Amino acid sequence: MKTNVLGYPRIGRKRELKSALEKYWKGDISANELFEAGASVRKENWFLQKDMGIDLIPSNDFSLYDQVLDMSLMVGCIPERYSQLKDDALPLELYFAMARGVQKDGVDIKAMEMTKWFDTNYHYIVPEFEKDQHFELFNFKIIDEYKEALALGIKTKPVIIGPVTYLLLGKEKGEGFHSIELLDRLLPVYLELLDQLNTLEVEYVQFDEPCLALDLSEREKDAITHCYTKIADKYPQLKIILTNYFDCYGDNLDTALSLPVHSLHLDLVRCPSQLEDVLESHKLQPGVVLSLGLVEGRNIWKNDFAQSIQVINKAVGKIGKDRVWIASSCSLLHCPYDLDLETDERTLPREVRHWLAFAKQKVEEIVNLKYLSEGSDAADEKLEANVKTFQNKASSDLIHNPSVKDRVSKLSLEDSERQSHFSIRQQKQKQKLGLPPYPTTTIGSFPQTKEVRGWRAQWKRKKITRERYDELIQKEIEATIRFQEEVGLDVLVHGECERNDMVEYFGERLRGFAFTSFGWVQSYGSRCVKPPVIFGDVYREGPMTIKWTAYAQSLTSRPVKGMLTGPVTILQWSFVRNDQPRSATCKQIALAIRDEVLDLEKAGLKVIQIDEPAIREGLPLRSENRRSYLKWAVESFKIASSGVKDETQIHTHMCYSEFNDIIESIADMDADVITIETSRSDMELLDAFVNFRYPNEIGPGVYDIHSPRIPAESEIENLLLRASRLLPVKNIWVNPDCGLKTRDWPETRSALENLVNTAKKMRRNMAVAE
């Protein structure tokens, strides 16, 4: 019996990689210093797993930005617009240009698209494929990192994104072909890579094929079979670990069981029932090892040892212990590093902390499950402590609030419906707000400088008084309002300078949440989030945002948006309790947000934005499970948004998602205005709304805030012209793709001035045409 970790967090125990990346981008450190920071993180990760007793330690699970982008570089799938950099620049400059865009020394190239990795909040860089796409072995990162670990005395298991998943994650640039048709062009590059790994006497290679959790066509299933048959034929001695996660194999199970692989991984957290299907299948081939993904890689609750041991014993009883591995359900990338760092009991109560396990603790759980399954006396104490933890949690007074549950039980249809149809509301809102065609706004946040973050840190450490902190925040909000007035925006925001994070900020003001100090998880590149922990029933004790939003509105005659995070996004971007349905927790949050919306309206706010960037992210991977999720997700948003008058304009925001398969549900949300990310895709994402004939107003993003590029007026104009050909002008807003928190003030000013100037030009042209 072996222990198996599918992947490990890579940002560093205290975000060392994030710090190094941002210093490199600013020119403060060299490429070699960045590489040294990465090597230090990898070394620490490898030795931690080795010392704890993990048998199958991953390599190539590290990335400077994104593992899918690493794959694109490795197989030479580099879009033509980067050809100059491919020929002239250092590979690192090319790599970051593909991720972030580049605008210097006369070179101005947009970044590649970014979207969500399956149903997680991790974002990957979307590969771009041409019909005659050429692939070549262009980068040797996977080889280099295997050698690096070997030099440290650690024989690792290289991890690679499987060729079929890689192709299905990409986007066809042009019509008349399907990306899967490129497999015969791509596969030789994989074989060339495996040649080199084979030369190094690599024993195991982990092929991640999470596409097997999706609804695959027969053609795509055949591609899987073709791929792994060819690999096995050429490298019969290589032990291939086929890894699927985030859901069952479902209709793809027969295909997976028929493959000539050494090991098959099962995510038994997301789909515990599939073990029975596999064990009882006559298609499970003799000798194939089952990797049991029992320790959750997506949440931070402790593993229930007693329950897991039953599962392990069942598998061992059927196929023997030599064919059973104990593993994480998926990569631990989605978990924070180390619970040992959490010592602040004011934000993370000791009782709640005892219920948790971060990546380091999950590695220990995997090893302990192995010892327990082998009947080791040394593990008995661990089992006893684990059982006691679950008993204490079940009886804890911290979790349940009867009045909250009662309020949810009394929800009715009227609580999730606006007073009037959108067409009536639109007329009333236009009259009330008096906005011009192509109204301009931003998504919410403005740049948070070191000074602003420093004020918050000083106040939390009691280095400055609450009065002094409030004085500083007031000045920053006033400066932000004046900035927007000078630039010429139509609908303003207060800038969110007092907020640490769009989810954590609200969690700190709601009951039922706890918070970590070092619970960082990578979202994309150097961007990390610190999800709050929802451990109990959620409710609001009092107003959360009124003070600063109302103050901002008092400074200007232009409308200021009240900025809230929606219930589905708060749910999705938190570590959520696992003792009740997620839908129940979401409705509790929705009622809390509803109370805040009504308070904002009473305070005189005419525009209120309830962000839901994660609503698509939560969509189940298999189509048969989607209807129930969308029902309660849409209902939760409508509970939060539907209590206001017709004249109050409700906005929502979504980003970095494909909308085709949920467009009907987006329309059912019935927000008056939706803003979406479209700049990286050149408005392609707008097609879903056009084809559906989306009836409400929409702000297609024209400024990619995840790139340091400043879009020219001509670029913004081209995007708006395309939007104007597709949508009624009366329904179009002009805005960036997302919040501006991570940008600098000078680039923000330049970009927003270009945005406003272009909107004014569109209005003038419209007036001339009339």
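**Entry 1: a salt-bridge network**

I looked up the salt bridges of this predicted model and began with a network that links Arg-42, Asp-70, Lys-141, Glu-145 and Glu-148. Within it I examined Glu-145 and Arg-42, whose side chains meet in a salt bridge at 3.8 Å, N to O. Glu-145 belongs to helix H6 (residues 141-151) and Arg-42 to helix H2 (residues 31-52), so the pair links distant parts of the chain, 103 residues apart. I noted that Glu-145 and Arg-42 are both buried.

**Entry 2: further salt bridges**

I recorded a count of 63 salt bridges for the structure. In one of them, the side chains of Asp-670 and Arg-425 meet at 3.0 Å, N to O. Because Asp-670 lies in the loop between helix H25 (663-669) and strand S23 (673-676), and Arg-425 in helix H17 (residues 422-433), the pair ties together parts that are 245 residues apart in sequence. Is Arg-425 buried or exposed? Arg-425 is buried, with a relative accessible area of 0%.

I then turned to Arg-709, which forms a salt bridge with Glu-715; their closest N and O atoms are 2.8 Å apart. Arg-709 counts as buried at 7% relative accessibility. Glu-715, at 19%, also counts as buried, because the term applies under 20% relative accessible area.

**Entry 3: aromatic pairs**

I found 25 aromatic pairs in the structure. Tyr-8 and Tyr-337 form one that is edge-to-face, with 5.8 Å centre to centre and 90° between the planes. Tyr-8 lies in the loop between strand S1 (2-4) and helix H1 (16-26), and Tyr-337 in the loop between strand S14 (324-328) and helix H13 (350-353), so the pair ties together parts 329 residues apart in sequence. Tyr-8 and Tyr-337 are buried.

Why is the pair of Phe-129 and Tyr-166 edge-to-face? The ring centres are 5.7 Å apart and the planes stand at 75°, and planes over 60 degrees apart count as edge-to-face. Phe-129 is in strand S7 (residues 128-129) and Tyr-166 in helix H7 (residues 163-169), 37 residues apart. Both residues are buried. I also noted a cluster in which ring pairs link Tyr-24, Trp-25, Tyr-65, Tyr-95 and Phe-96.

**Entry 4: charged surface patches**

I located a positive surface patch formed by Lys-23, Lys-26, Lys-450 and Arg-453. Helices H1 and H18 (450-460) each supply at least two of its residues. Arg-453 lies in helix H18 and counts as partly exposed at 40% relative accessibility.

A negative surface patch is formed by Asp-377, Asp-380, Glu-381 and Glu-384. Asp-380 is placed in helix H15 (residues 380-394) and is partly exposed, with a relative accessible area of 42%.

Conventions: Residues are numbered from 1 along each chain as its sequence is written. This is a predicted model: local features need pLDDT of at least 70, side-chain atom pairs count only at pLDDT 80 or more; totals for chains, interfaces and linings use all residues. Side-chain values use heavy atoms; hydrogens and water are left out. Patches are made of residues with over 30% relative accessible area and no salt bridge: like charges are joined within 9 Å, nonpolar side chains (Val, Leu, Ile, Met, Phe, Trp, Tyr) within 5 Å. Accessible areas come from the Shrake-Rupley method with a 1.4 Å probe; for residues, only the protein chains shown count as cover. A salt bridge is a side-chain nitrogen of Lys or Arg within 4 Å of a carboxyl oxygen of Asp or Glu. Lys and Arg count as positive and Asp and Glu as negative; His and the chain ends are not counted. The place of a charge is taken as NZ of Lys, CZ of Arg, CG of Asp or CD of Glu. Helices (H or I, at least four residues) and strands (E, at least two) are DSSP runs, numbered from the N terminus. Buried means under 20% relative accessible area, exposed over 50%, partly exposed in between (1.4 Å probe, protein chains only). Rings of Phe, Tyr and Trp (its six-membered ring) pair if their centres lie within 6.5 Å; planes under 30 degrees apart count as stacked, over 60 as edge-to-face and the rest as tilted.
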